[in-house]
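Subject: Handing over the model, with notes

Hello,

Here is the structure I promised to pass on to you. Please open it beside this message, so that you can follow the notes step by step.

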Amino acid sequence: MTHNIVQYEGQLSSEVRIQLLDLLKVVSLANLGQRNDLKKLCGIALELLDNAQRYNSAGEVSFEWRIEGNDLVVLIRNRAAREDAERLIQTVKDINAMSPEQVTAAFRAQLTNEQFGAKGGAGLGMLQIAKKTGSKLEASCHVTEAGEFVCTSRVAAPLS
């Protein structure tokens, strides 16, 4: 696979998200060719961008999509409230402890869950990524000197 990268840093709005997804579709087609899983791969970016937009406390994000060897790596970084940062870490930890069958069952259960918060918060997007890719998710958060939580989510999806 050729090495390529798409990066974006700045404000994240619905319009920006749509434009980024259009760009990723073109980039993935140009660099990966006709594949049956292009929609799935772009779906990873969509879920991470959607989560970042929903939970972002400062408006700006850092987004990266790159092909690295035989993996698609998608990374997003945004500021979040403490409770959202803690929920992200716990959700990823819980999902990574599940078998593929448990991920599928949890995904189905969340589809019928009526306990969503004002911003969602049920972990459905992360479950969907895990279900689609079969990959382990990564998430980390650190606190800045100003007391803000900066969260990074990373997914490496195999392209083979």
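Does Ser153 count as buried or exposed? Please keep in mind, while you look, that this is a predicted model. Ser153 lies in strand β5, and because its relative accessibility is 8%, under the 20% at which a residue stops being called buried, Ser153 counts as buried. If its neighbours within four places in sequence are left aside, Ser153 is in contact with Leu48, Val74, Leu75, Ile76, Leu88, Met126, Glu138 and Ala139.

With β3 it pairs in the antiparallel sense over 10 bridges, and Leu72 stands opposite Ala157 in β5. With β4 the pairing is again antiparallel, over 7 bridges, and here the bridge partner of His142 is Val150 in β5. Strands β4 and β5 form a hairpin with 5 residues between them, and in the turn Gly147 has a positive phi of about 80°.

Next, look at the helices that lie against the sheet.

Helix α5 deserves a separate look. Its buried residues are Gly125, Met126, Leu127, Ile129, Ala130 and Thr133, and what covers the buried residues of α5 includes α2, α3, α4, β4 and β5. Helix α5 is followed by Gly134, whose phi is positive, near 70°. The helices α4 and α5 pack at an angle of about 145°, with their axes 9 Å apart, and their crossing is left-handed. On the α4 side the contact is made by Val103, Thr104, Ala106, Phe107, Gln110 and Leu111, and on the α5 side by Leu124, Leu127, Gln128, Ala130 and Lys131. The residues of this contact divide into 7 nonpolar, 3 polar and 1 charged.

In soluble globular proteins, nonpolar side chains tend to be buried together. In this model the largest nonpolar core has 40 residues, and those with the most contacts inside it are Leu41 and Trp65. At least two residues of this core are supplied by each of α1 (14-32), α2 (38-55), β2 (60-68), β3 (71-80), α3 (82-96), α4 (100-111), α5 (124-133) and β5 (149-158). Helix α2 gives the most to this core, with 8 residues. Leaving aside neighbours within four places in sequence, Trp65 is in contact with Asn4, Ile5, Val6, Leu24, Val27, Ser28, Leu41, Cys42, Ala45, Leu72, Val73 and Val74.

Best wishes

Key
Residues are numbered from 1 along each chain as its sequence is written. Side-chain values use heavy atoms; hydrogens and water are left out. A nonpolar core is a set of buried Ala, Val, Leu, Ile, Met, Phe, Trp, Tyr and Cys residues joined through side-chain atoms within 4.5 Å. Buried means under 20% relative accessible area, exposed over 50%, partly exposed in between (1.4 Å probe, protein chains only). Helices (H or I, at least four residues) and strands (E, at least two) are DSSP runs, numbered from the N terminus. Contact means heavy atoms within 4.5 Å. Axes are lines fitted to C-alpha atoms, for helices over the stretch in contact, and angles run from 0 to 180 degrees between N-to-C directions. A crossing is left-handed if the near helix is turned anticlockwise from the far one by less than a right angle, and right-handed if clockwise. Ala, Val, Leu, Ile, Met, Phe, Trp, Tyr, Cys and Pro count as nonpolar, Asp, Glu, Lys and Arg as charged, and the others, Gly among them, as polar. Two strands pair if DSSP finds at least two bridges between them.
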